[in-house]
Amino acid sequence: MGWLARLKPGASIRTNLLIAALMWSFIGLYLMVRGSLLVEVFSGIFFALALGIGTLKARLLIERSARKNIARIVARPDGMCLGGVYSWRMWGMVVCMMLGGRLLRNSFVPPQVVSVIYIAVGWALLLSSRFIWQEWNARSSALR
């Protein structure tokens, strides 16, 4: 196990927070752009609906996950593996969401509905990432 431990990409708590914040932000932005490109003409009403649903999803579900993720990262000692930035359960949820997105995109659901779902989920992730960014910023400021 000693040689395996030397191969793991260990990082500080700040770096783990940065990786988590970047992942939440980039995936959120990716989903929003992807959702916008699914339909030729995207109505402002659909976009407003997606942002409203995404804000609700963020407030009711995703922000809690972000806070748990922060607490998990902060509770771990420095030098832990970057892959451990998320729990096994969270990684499983990521895989399920990826599969669900693929199934949704290839289903008979109208593209406008898929687009609203993608933008809503992307916005929820992007909005909730602010908590991780705030924790990363607080820890970075403490070093100055």
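Which charged end sits over the ring of Phe131? Here are my notes, starting with that one.

1. **The charge over a ring.** The answer is Arg67: its charged end lies over the Phe131 ring, 4.2 Å from the ring centre. Keep in mind that this is a predicted model, so what follows describes a prediction.

2. **Overall layout.** The protein has five helices and two strands. Reading from the N terminus, the order is α-β-α-α-β-α-α. Along the principal axes, the C-alpha atoms fill a box of roughly 55 × 35 × 25 Å. There are 144 residues in the protein, and 31% of them are buried. If you take the contacts with a separation of 6 or more, 87% are between residues 24 or more positions apart.

3. **How α3 meets α5.** Two packed helices are described by the angle between their axes and the distance between the axes. For helix α3 (residues 44-75) and helix α5 (residues 111-142), the axes come within 6 Å and cross at roughly 35°. The crossing of α3 past α5 is right-handed. As for what lines this contact, its residues split into 21 nonpolar, five polar and seven charged.

4. **Aromatic pairs.** How many aromatic pairs does the count come to? Two. One of them is Tyr86 with Trp91, an edge-to-face pair with 5.1 Å from centre to centre and 75° between the planes. Tyr86 is buried, at a relative accessible area of 5%, whereas Trp91 is partly exposed at 28%.

5. **The tryptophans of α5.** Trp133 and Trp136 also pair up: their ring centres are 5.7 Å apart and their planes stand at 85°, over the 60 degrees needed, so this pair is edge-to-face. Why are the two separated by about one helical turn? Because they are three residues apart in helix α5. Trp133 is partly exposed at 27% relative accessibility, and Trp136 is partly exposed too, with a relative accessible area of 23%.

6. Met90 belongs to helix α4 (residues 88-105). Is Met90 buried or exposed? Its relative accessible area is 15%, which is under the 20% cut-off, so Met90 counts as buried. Leaving aside residues up to four places away in sequence, Met90 touches Trp24 and Ser65. Ser65 is 25 residues from Met90 along the chain, and their C-alpha atoms are separated by 8.8 Å.

7. **Ile45, out in the open.** Ile45 is found in helix α3. Its relative accessibility is 68%, which is over the 50% cut-off, so Ile45 counts as exposed. What separates Ile45 and Met90 in sequence and in space? They are 45 residues apart in sequence, and their C-alpha atoms are 32 Å apart.

8. **What I'd look at in the viewer.** Start with Arg67 and Phe131, where the charged end sits over the ring. Then find the two edge-to-face pairs, Tyr86 with Trp91 and Trp133 with Trp136. Finish with Met90, which is buried, and Ile45, which is exposed.

Note on methods:
Residues numbered from 1 in each chain as written. Predicted model: local features only at pLDDT ≥ 70, side-chain atom pairs only at ≥ 80, totals over all residues. Heavy atoms only, no water. Axes fitted to C-alpha atoms, helices over the stretch in contact; angles between N-to-C directions. Helix = DSSP H or I, 4+ residues; strand = E, 2+ residues; numbered from the N terminus. Left-handed = near helix turned anticlockwise from the far one by under 90°. Nonpolar A, V, L, I, M, F, W, Y, C, P; charged D, E, K, R; others polar. Phe/Tyr/Trp six-rings, centres within 6.5 Å; stacked < 30°, edge-to-face > 60°. Buried < 20%, exposed > 50% of the residue type's maximum accessible area, 1.4 Å probe, protein only. Lys NZ or Arg CZ within 6 Å of the ring centre and 35° of its normal. Contact = heavy atoms within 4.5 Å.
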